[in-house]
Amino acid sequence: MSERLVNIKEVVLKNNCPECYSTDGLHLTFKQKIVENKYYKSITKEVIHELTCKTCDSTIYPVQWNDAIERVFEYQKRAFVPKKASTYLKRSSWIVGGVITLAISIIVFLILYAEL
């Protein structure tokens, strides 16, 4: 089973980076977790955020945020709409379900009509 994070929204912020003080490099990224295996693909409700500076190539953790970054983050978090949580059944799960249904139908048919 593989789990991966998919970028849903990326916002360029005009705030100063706490590391290099550049106003051009801050990027706030919202990512949503997707779980996939042989039988299904599922979009989960789990959403994470990441603030990085492209100028100095560093991750800015919430401890380093100032009030201006905090306010912009809260605004972007309210404006962010994640993908709806869903599950998609793959072809192999439909085949397995069909085979099981067919086997149960044959067994029931043999039990009911074998007594005649």
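**Salt bridges and overall build**

A: The structure, which is a predicted model, holds 5 salt bridges.

Q: Which residue does R4 pair with in a salt bridge?
A: R4 pairs with E36, and their side chains meet at 3.7 Å, N to O.

Q: What forms a salt bridge with E36 from the K90 side, and how far apart are the atoms?
A: K90 and E36 form that salt bridge themselves, and their closest N and O atoms are 2.8 Å apart. Because K90 lies in the loop between β5 (86-89) and α2 (91-113) while E36 is in strand β2, the pair ties together parts that are 54 residues apart in sequence.

Q: Why would such side chains pair at all?
A: In general, side chains of opposite charge can pair when their charged atoms come close.

Q: OK, on to K33. Where is it, and which residue does K33 meet in a salt bridge with a 3.6 Å N to O distance?
A: K33 is found in strand β2, and its side chain meets that of E46 in the salt bridge at 3.6 Å, N to O. Since E46 is in strand β3 (residues 40-53) and K33 in strand β2, the pair ties together parts that are 13 residues apart in sequence.

Q: Is K33 buried or exposed?
A: K33 counts as buried, because its relative accessibility is 17% and buried means under 20%.

Q: Which residues are linked with K33 in a network of salt bridges?
A: The network links K33 with E3 and E46.

Q: Let's step back to the whole chain. How many helices and strands are there, and what pattern do they follow?
A: The protein chain has 2 helices and 5 strands, and read along the sequence they follow the pattern β-β-β-β-α-β-α. The chain is more spread out than a compact globule, because its radius of gyration is 25 Å, well over the 13 Å that the globule rule gives for 116 residues.

Q: What does the C-alpha trace span along its principal axes?
A: The C-alpha trace spans about 85 × 25 × 20 Å along those axes.

Q: How much of the chain is buried, and what is the accessible surface?
A: Of the 116 residues, 25% count as buried, and the accessible surface of the protein chain comes to about 8400 Å², with 59% of it belonging to carbon and sulfur atoms. As for contacts with a separation of 6 or more, residues 24 or more positions apart account for 61% of them.

Q: How many positive and negative side chains are there?
A: The protein chain has 16 positive and 12 negative side chains, and the centres of the two sets lie 8 Å apart.

Q: Changing topic, where is V72, and what is V72 in contact with beyond its sequence neighbours?
A: V72 has its place in helix α1 (residues 67-79), and, leaving aside neighbours within four places in sequence, V72 is in contact with L13 and N15. V72 and N15 are 57 residues apart in sequence, while their C-alpha atoms are 8.7 Å apart in space. At 24% relative accessibility, V72 counts as partly exposed.

Q: Last one: where is Y39, and how far is Y39 from I60?
A: Y39 is found in the loop between β2 and β3, and its C-alpha atom is separated by 37 Å from that of I60, the two residues being 21 apart along the chain. Y39 is partly exposed, with a relative accessible area of 38%. Leaving aside neighbours within four places in sequence, Y39 is in contact with Y88, L89, K90, S92, S93 and V96; among them is K90, which also forms the salt bridge with E36.

Notes: Residues are numbered from 1 along each chain as its sequence is written. This is a predicted model: local features need pLDDT of at least 70, side-chain atom pairs count only at pLDDT 80 or more; totals for chains, interfaces and linings use all residues. Side-chain values use heavy atoms; hydrogens and water are left out. Helices (H or I, at least four residues) and strands (E, at least two) are DSSP runs, numbered from the N terminus. The radius of gyration is taken over C-alpha atoms; the globule rule is 2.2 Å times the number of residues to the power 0.38. Buried means under 20% relative accessible area, exposed over 50%, partly exposed in between (1.4 Å probe, protein chains only). Contact means heavy atoms within 4.5 Å. Accessible areas come from the Shrake-Rupley method with a 1.4 Å probe; for residues, only the protein chains shown count as cover. Lys and Arg count as positive and Asp and Glu as negative; His and the chain ends are not counted. The place of a charge is taken as NZ of Lys, CZ of Arg, CG of Asp or CD of Glu. A salt bridge is a side-chain nitrogen of Lys or Arg within 4 Å of a carboxyl oxygen of Asp or Glu.
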